[in-house]
Amino acid sequence: MTMAAKISKAEKIEKSGLTGLCAGANLRTPCGPRRVEFLRVGDLIVTRDNGLQPVKMVWTRTVTAAEIAADPSLAPITLRPRAIGPMMPQRDVSVGPAHRLLIPGWRLEDEADNEACLVPARDISDLNDSIFVDRAPDEVTFYNIVFAEHQVFCANGLPVESFTPTAESLKDAPRSVRDDLTKAFPELGPKFADYPAPRYKMRERVSYIPDYA
């Protein structure tokens with residue numbers, strides 16, 4: 001029998017703005033699944049709302065075991081199969097703690113069942129054994145995928161968002177990443193103020209309803 005528990009995460013300490021998918025995440029392409037670490041600019045990805053979309057840029061950040069030990073908020077969040085719902089994800093997938101997942105409304109205490117929201121992975125971690133902070137890797141690389149506009153796509157079957165370049169999301173990014181984004185989006189200016197905003201509601205500090213088997 002499955003029980004639902006309503007747990008608030010408002011008190012959780014949040015430091016890291018680290019986003020991205022960890023190596024091994026499979027994304028849907030017209031030619032079948034492709035691991036995120038093998039993506040290249042121009043590759044087509046199946047998105048939730050806009051069909052096939054070409055990758056404009058992929059930027060990475062590698063975090064060492066020593067950095068995670070010094071700042072545990074840098075550790076990735078791992079989701080086991082069915083952590084969110086049927087086939088979500090199909091296999092283990094790990095993401096940056098601030099990476100947003102598209103969570104169905106029936107998993108959120110104060111949302112309509114059909115109102116999916118973008119929620120940082122850290123907000124729903126450590127509620128059960130299916131979603132947890134993973135401090136095991138010696139080193140982890142986070143892959144951030146950028147499209148011409150914000151997209152939602154599946155990583156191992158789990159709906160996740162693409163990277164949105166804004167002044168806030170880039171405050172900790174290396175100068176080289178900001179320069180590359182400026183080249184990829186010359187029409188947006190240095191602060192990327194005109195980059196299209198996400199179409200889904202964005203939530204933080206949610207009251208998430210996990211399932212317990």
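Predicted model: local features only at pLDDT ≥ 70, side-chain atom pairs only at ≥ 80, totals over all residues.

Biologist: How many helices and strands does the protein chain have?

Modeller: Helices (H or I, at least four residues) and strands (E, at least two) are DSSP runs, numbered from the N terminus. Here there are two helices and 19 strands. The radius of gyration, taken over C-alpha atoms, is set against the globule rule, 2.2 Å times the number of residues to the power 0.38. The chain has a radius of 17 Å, close to the 17 Å that the rule gives for 213 residues, so it is as compact as a globular protein of that length.

Biologist: How is a pair of aromatic rings described?

Modeller: One gives the distance of the centres and the angle of the planes. Rings of Phe, Tyr and Trp (its six-membered ring) pair if their centres lie within 6.5 Å; planes under 30 degrees apart count as stacked, over 60 as edge-to-face and the rest as tilted. This structure holds three aromatic pairs. In one of them, the ring centres of Trp59 and Phe163 are 5.3 Å apart and the planes stand at 85°, so the pair is edge-to-face. It links distant parts of the chain, 104 residues apart: Trp59 is in strand β8 (residues 57–64), and Phe163 is in the loop between β16 (158–161) and α2 (175–184).

Biologist: Are Trp59 and Phe163 buried or exposed?

Modeller: Buried means under 20% relative accessible area, exposed over 50%, partly exposed in between (1.4 Å probe, protein chains only). Trp59, at 8%, counts as buried, and Phe163, at 5%, is buried too.

Biologist: Which residues line the largest cavity?

Modeller: On a 1 Å grid over the protein atoms alone, a cavity is a set of points where a 1.4 Å probe fits but cannot get out; lining residues have an atom within 4 Å of a point. The lining consists of Gly20, Leu21, His99, Tyr143, Asn144, Ile145, Phe153, Glu161, Ser162 and Phe163. Strand β14 (residues 139–146) gives the most, with three residues.

Methods: Residues numbered from 1 in each chain as written. Heavy atoms only, no water. 1 Å grid on protein atoms, 1.4 Å probe; cavity = no way out; pocket = protein on both sides within 12 Å on 5 of 7 lines; lining within 4 Å.
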